[in-house]
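Subject: Handing over the model, with notes

Dear colleague,

I am passing on the structure we spoke about, and below it you will find my notes on what was found. Please read them with the model open beside you.

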Amino acid sequence: MDPVIVVGAGPVGLSVALALTRLGVPCVVLDETTGQEETRPARTAVLRPDTAAFVARLGCAGALETDGTHWTAWRTMRRRRLLERVAFAPPAPDAPEGPATASPLHLPQHALTRALRAALAHEKLAEVVTGSRLAALEQDEHGVSAQTRGPNGTWWRGSYLIGCDGPRSTVRKLLGIRFPGRTAVERHAVAALRCELPWPGEALLHRSPPRHGGGPGSEVSARPLAGHLWRLDWLLPPGRELVTPDALVARIRDSLAGWTADAPADADDETGEANGGPSARGRGHARQVPPYELLDTGVHTVHHRLARSWREGRAFLAGDAAHLLGALGTQGLDEGLRDAENLAWKLGLAWHHGASELLLDSYQAERRGAVAARLRAADQALPLLRDGGAARWRTVLPGAVRGRSTLLTDGHLGRGPLGAPPVYARTPLAPPAEHTAGPPVETLPGAPVAEVTVTASDGSVVRLRERLGRGLLVLLVAPGTGVWDRRHWQSAGLMPRLAEAVEALPMDAEILVTEAYPGAAAHTVLLVRPDGHLVTALSGVRPADMAACADAVRGGAHGRAAAADRSRRSDDTGETPASGDSGAGQGEDSAVDPVGSSVLHSEND
C-alpha cells in the first residue's frame, strides 16, 4: 500500500508523520524549506501536559527535558496587587495528576522542531523531501497523487494526504476549502532576553501595570525559559502602528524596572546606561533596570480562522492549515498537536485494516468541533476582557463568580473553556448506551483520562500516558496488586477472564493495572482510546460490552448504529447538537459555527 503523504514539516507535520511511522505506516514528508530551522528565541511553544506527553512518546523526551522548562508557579497581578498565585508542585509518583495541577512546558519552537526532525531521521519508514513545493493534487478511490516543484519536483503517490502546511496552506486552496474568520484579533510585541527577575521560575501575567499608565487594555506577560531566558509579551492597542526598536526597548526597560525593588531617585544607574539609556522613572520615584541581554524581538499578530471542512476524500487538514487561534492565552500549537494525535491512530487503522467512513469523518467531527468551541469561547470573552467595563461583565455573565483576570489566567494555564483539554462528548465513535452502563468515575466519557501509575503485562511500572498511541488500553482498577508478585496476580481473580476478553476484541488492545483511579471502585475496567480519551467504564469484565465498545471506537457496525440512533433522536425531537458540542462541525451550516453566529464572519481567503 502507498505511504501517507504529509505536506509541511513544521511541528504538526513532523509529529503526525512520527506517530504514523510508530504505527508501521510509511510516510513521505514534503518540505518546502531547506530543512534548516531558523533559530528564533522569541518564538516559543507552550505545551500542556497531554501534548507534551504526546511529543515525548514520539522520541523527544530528552529534548523536552533539556530545552524546555516547567514553571514553578503562575502569578496574576493587576496594577501592584497580586490577584492569584498558582503553584505547580511535582505530584507524588503514585498520585493522579489533574490538569489544573500540572505545569505547562515552555520551550523555543525551533528546539521542538529540531527534536522532531532528529527523531524522524531515525525512522526507516519515513522520508523527508526538502525543497519540494506542492503544485497540484489529484484524488481517486484508491489514493492521492501530489505534484511538487523544485529540485525534487515529481509526482508522488500516497494512500492518504495530510495538509500541515500552515496558514497559507496550498493543500487547503487546491482542495477548494474556505478559511473564514477574523484578522488581527490581537497584536503582541514579543522579546526574548536573558535576565534575572524577582520571581525565578514563575510565569507572570500583569494586567494594567502602573508603569504603562494603568489603562484597562494594557497587559504584559513574562514566561521563563531554560537557561535564565524569558519571553515577554506586551498587548498592543488595536491598529497597525509599527513598533520601532526604540519603542520596544522602552517597553522592556519599563517592565523590568517596574518589577524590581524601589531605588533612590538620585541613584546612579550603571545598568541603565549600559542598556541604552537613563534609569526608568515612575511617578514620583525611580527604579533600577536590572541587567539584561536582548536576544530576539518581533510582533505577533493573532488571527482567528476555521476551515469549513477538514476532510475531502483522502485528504485532511491539520494544524494552522485547519485553524488559527491564540488570543487570551490559547495555544494554537497545542491544538495542532491534538489534531496530529487524533488523526494518526485513525489513519493507522485505515492503512492496516481499512476504515469506515465514520472513523475517517470522526476526525473532523471531534477536532473541528473542539477548536470551534475554543474559538467561540475566546470570541465571547474578548469584549469583556479587553474593552468591557464591570457593568458589561455583570450584564453578560450575571452571577459570575470568577473575575476577568481569573478567566484570562485559565486560558494561559489550560483551564476552563479557553484552555481545558477537549471532551469529545458526542463523538460519532461513542458506543451504544446499552453497552456503556457502568459505575461512574470522575472522568466523563470522551474526556482525557487522568494520569495515573500503571503496571503493564511485562511488569514495567509507568505512567498511563506513556502507553498511549498504539491501540486500545484496557485499564483494570485492582487495589493491592502493587505489592503482589506479578506471576501470581496475572493468573488470579479477574485477570484470566479479562485477558481472554481482550484477546477477542476487534482491535489491538493492551491490559494495564492500576492501584487506584479517581472515583473508580475496585474491579472497574476502563477502556481508553489511543489518544487518551475515555470510551467508558465498566463494572467488572463484560466481554460483550467490551467488544461492542472496541468496535465502536474503530468505526465498526456498533459505531454506525450509534450514529444512526443519535440522528434518529435528533430528527424525532427537532433538536440539534448544542453549539460547542464536539460532535458537530460537519459542514458550512453546522451547529459548531452556524453562519451568522458571533464566532466568525466570512472573509475571502
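Thr409 lies in helix α10, residues 404-413, and is buried, with a relative accessible area of 0%; buried here means under 20% relative accessible area, exposed means over 50% and partly exposed is in between, computed with a 1.4 Å probe on protein chains only.

Before the rest, a word on how to read the values. This is a predicted model, in which local features need pLDDT of at least 70 and side-chain atom pairs count only at pLDDT 80 or more, while totals for chains, interfaces and linings use all residues. Residues are numbered from 1 along each chain as its sequence is written, and side-chain values use heavy atoms, with hydrogens and water left out.

The chain as a whole

The secondary structure of the chain comes to 15 helices and 28 strands, taken as DSSP runs numbered from the N terminus, with helices being H or I of at least four residues and strands E of at least two. Of the 605 residues in the chain, 56% are buried. Among contacts between residues at least 6 apart in sequence, 73% join residues at least 24 apart.

Helix α1 and its two partners

Two packed helices are described by the angle between their axes and the distance between the axes. The axes are lines fitted to C-alpha atoms, for helices over the stretch in contact, and the angles run from 0 to 180 degrees between N-to-C directions.

The axes of helix α1 (residues 11-22) and helix α7 (residues 332-353) come within 9 Å and cross at roughly 25°, and the two helices are therefore roughly parallel to each other; angles under 35 degrees count as roughly parallel, over 145 as roughly antiparallel, 65 to 115 as roughly perpendicular and the rest as oblique. The crossing of α1 past α7 is right-handed, a crossing being right-handed if the near helix is turned clockwise from the far one by less than a right angle, and left-handed if anticlockwise. On the α1 side Pro11, Val12, Ser15, Val16, Ala19 and Leu20 take part, and they meet Leu333, Gly336, Leu337, Ala340, Ala344, Leu347 and Gly348 in α7. The residues of this contact divide into 10 nonpolar, 3 polar and no charged, where Ala, Val, Leu, Ile, Met, Phe, Trp, Tyr, Cys and Pro count as nonpolar, Asp, Glu, Lys and Arg as charged, and the others, Gly among them, as polar.

With helix α3 (residues 109-121), the axis of α1 again comes within 9 Å, and the two cross at roughly 30°, which makes α1 roughly parallel to α3. Here α1 passes α3 in a left-handed crossing. Pro11, Leu14, Ser15, Ala17 and Leu18 in α1 meet Gln109, Leu112, Thr113, Leu116, Arg117, Ala119 and Leu120 in α3, and by class this contact has 8 nonpolar, 3 polar and 1 charged residues.

Residues in loops

Ser309 sits in the loop between β19 (292-306) and β20 (311-312) and, at 12% relative accessibility, counts as buried. Its side chain reaches the backbone oxygen of Arg311 at 2.8 Å, and a polar contact of 3.4 Å joins the side chains of Ser309 and Gln364; a polar contact is a pair of N or O atoms within 3.5 Å, and within protein one must be able to donate a hydrogen and the other to accept it, with residues adjacent in sequence counting only if both atoms are side-chain atoms. Beyond its neighbours within four places in sequence, Ser309 is in contact with Ile177, Leu317 and Gln364.

Two further loop residues may deserve a look at the backbone. Ser208, in the loop between β14 (202-207) and β15 (219-225), has a phi near 50°, a positive value in a residue other than glycine, and is buried at 2% relative accessibility. Leu328, in the loop between β22 (323-324) and α7, has a phi near 60°, which is likewise positive in a residue other than glycine, and Leu328 is buried at 1%.

With kind regards

How values were computed:
Contact = heavy atoms within 4.5 Å.
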